[in-house]
Amino acid sequence: MYSAKQFVIKTLPTPGLPFNFDSTDSKATFELKTLELKESDLKEGEVLIESLLLSNDPAQKFWISSVDKNYAAGVQVGEIIPARGIAKILASKNGEFKAGDYVTGTIGWTTYAIIHDTKKAFLRKVSKEQVGDLSWHLSALGGTSLTAYFIFYHYAQFEENEKFNGKTILISGAAGAVGIVCIQIALHVFKAKKVIATAGGPEKIRYVEEFDPSRVVGVDYKDSNFKENLIKAAGGPNTVDLFIDNVGGDVLEIGTELLKPHSTLIVCGSISGYNDPSKLIYKSFVSVLTKRLTIKGVLLGDNIADFGKGLTKLSQMIEAGQLDISKAETLVDCTGEKFADVPNVWNGLFSGTNKGKLISKVNEY
Ligand SMILES: NC(=O)c1ccc[n+]([C@@H]2O[C@H](COP(=O)([O-])OP(=O)(O)OC[C@H]3O[C@@H](n4cnc5c(N)ncnc54)[C@H](OP(=O)(O)O)[C@@H]3O)[C@@H](O)[C@H]2O)c1
């Protein structure tokens, strides 16, 4: 018998607006429930899992409260909060998995769970032996690193030859999980001439510049002179070859001014607008026409067939010293009673508590 703690939706949030994190409020977004799970409850095809690590992703905002059904359906009252993570199989009535296997997939904000449909949860086995820590499967070898890989190799169509070396690349949200992998691929694989990296606050600027102080110019978007500083860092308008945008809002407007004619804007995320829809407006749209820009929208889930290829490449980068695992993640202890902190830890993504991938540990392993 396992006593599971699970966060479910208590009150449906208004799409696009911030969630209510006050657990004492009758209109709180989340509710912490406990339920008893038994191996004998398992039906054919199901597995009983123990959650170990939870991935914190800005996109969960839309998995929970949909603003566009093309992307996610949203969650209803009483349903578990979706989250990717790493878990251990405790018992199985599914031929693909056995007790003791480690898996990654959509497991939810829960300490234990019965997964009814392992395909729908994208459950797949991961090894504990071939990595330094299981957390690598969420950080350096996780979805955000894969996103960075696909940004360069699929969306921007970069190839490993001289033609793609020596570029000037602008990366917003640069100190986060996708951002730090983009910086390193730009520097170490595609030998960028300059990486302009935006992030919030002096500590994060130091963190991004440490990847190569001679080629990374960090720009603090919280500084009152952000616009002037960013234009100066790039060397003026029409100087950037590739802009990877994780943030939207102001940086998207200034970054568009910095892009060269015929260059590419990769829209990976717009986190500045996830709690503030007024930031989701693109005022510089006319420049797409006047500069003949190419804009590519990214969706990691569209690339599942190539995950194996991406993971092989990321592993090679780690081995070759091109991807530094030591800087890849921020791990927060949410074991035991601290499981109650899971929503607030996730919300830290929106105030920038993390460097690299933000991961919550919910059970010891
Ligand atoms: N398209 C896809 O398939 C895909 C896949 C993964 C991620 N994404 C997107 O990529 C972006 C980064 O995701 P991630 O998982 O790597 O998260 P992350 O960057 O590790 O964490 C979010 C970071 O965003 C920054 N931030 C928060 N609010 C901000 C604001 N108002 N303005 C500017 N920066 C803000 C914070 O850093 P600071 O301290 O620097 O503010 C925070 O650390 C998100 O937009 C996400 O939705 C897209």
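Leaving aside neighbours within four places in sequence, Ser 135 is in contact (heavy atoms within 4.5 Å) with Leu 53, Glu 329, Ile 359 and Tyr 365. Ser 135 lies in the loop between strand 7 and helix 2, and at 1% relative accessibility it counts as buried. Buried means under 20% relative accessible area, exposed over 50%, and partly exposed in between, with a 1.4 Å probe and protein chains only.

The model is predicted: local features need pLDDT of at least 70, side-chain atom pairs count only at pLDDT 80 or more, and totals for chains, interfaces and linings use all residues. Residues are numbered from 1 along each chain as its sequence is written, and side-chain values use heavy atoms, with hydrogens and water left out. Helices (H or I, at least four residues) and strands (E, at least two) are DSSP runs, numbered from the N terminus.

**Ligand surroundings**

- The ligand is surrounded by 26 residues, a residue being near a molecule if one of its heavy atoms lies within 4 Å of it.
- The closest of these residues are Lys 204, Tyr 221, Tyr 274, Leu 300 and Asn 354.
- By class, the shell comprises 14 nonpolar, 11 polar and one charged residues; Ala, Val, Leu, Ile, Met, Phe, Trp, Tyr, Cys and Pro count as nonpolar, Asp, Glu, Lys and Arg as charged, and the others, Gly among them, as polar.
- A nitrogen atom of the ligand lies 2.9 Å from a backbone N or O atom of Val 298.
- Of the 910 Å² of accessible area that the ligand has on its own, the protein covers 90%; accessible areas come from the Shrake-Rupley method with a 1.4 Å probe, and for residues only the protein chains shown count as cover.
- Helix 2 (143-155) and helix 3 (177-189) are the elements that give two or more residues to the shell around the ligand.

**Strand pairing**

- Strand 4 (residues 84-92) and strand 5 run antiparallel and are joined by five bridges; two strands pair if DSSP finds at least two bridges between them.
- Within this pairing, Arg 84 has Thr 106 of strand 5 as its bridge partner.
- Strand 5 also pairs with strand 7 (residues 124-126) in the antiparallel sense, over three bridges.
- Here the bridge partner of Thr 104 is Arg 124 in strand 7.
- Strand 5 (residues 102-106) is mostly covered, with four of its five residues buried.

**Helix 6**

- Helix 6 (residues 250-258) is largely enclosed by the rest of the structure, because seven of its nine residues are buried.
- The buried residues are Val 251, Leu 252, Glu 253, Ile 254, Gly 255, Thr 256 and Leu 258.
- Among the elements that cover these residues are strand 8 (168-171), strand 9 (194-199), helix 5 (226-234) and strand 12 (259-267).

**Individual residues**

- Asn 94 is found in the loop between strand 4 and strand 5 and is buried, with a relative accessible area of 13%.
- The side chain of Asn 94 reaches the backbone nitrogen of Glu 96 at 2.8 Å.
- Not counting residues up to four places away in sequence, Asn 94 touches Gly 45, Glu 46, Val 47 and Thr 118.
- Pro 202 belongs to helix 4 (residues 202-209) and is exposed, with a relative accessible area of 55%.
- The C-alpha atoms of Pro 202 and Asp 276 are separated by 24 Å, the two residues being 74 residues apart along the chain.

Notes: Polar contact = N/O pair within 3.5 Å; in protein donor to acceptor, adjacent residues only side chain to side chain.
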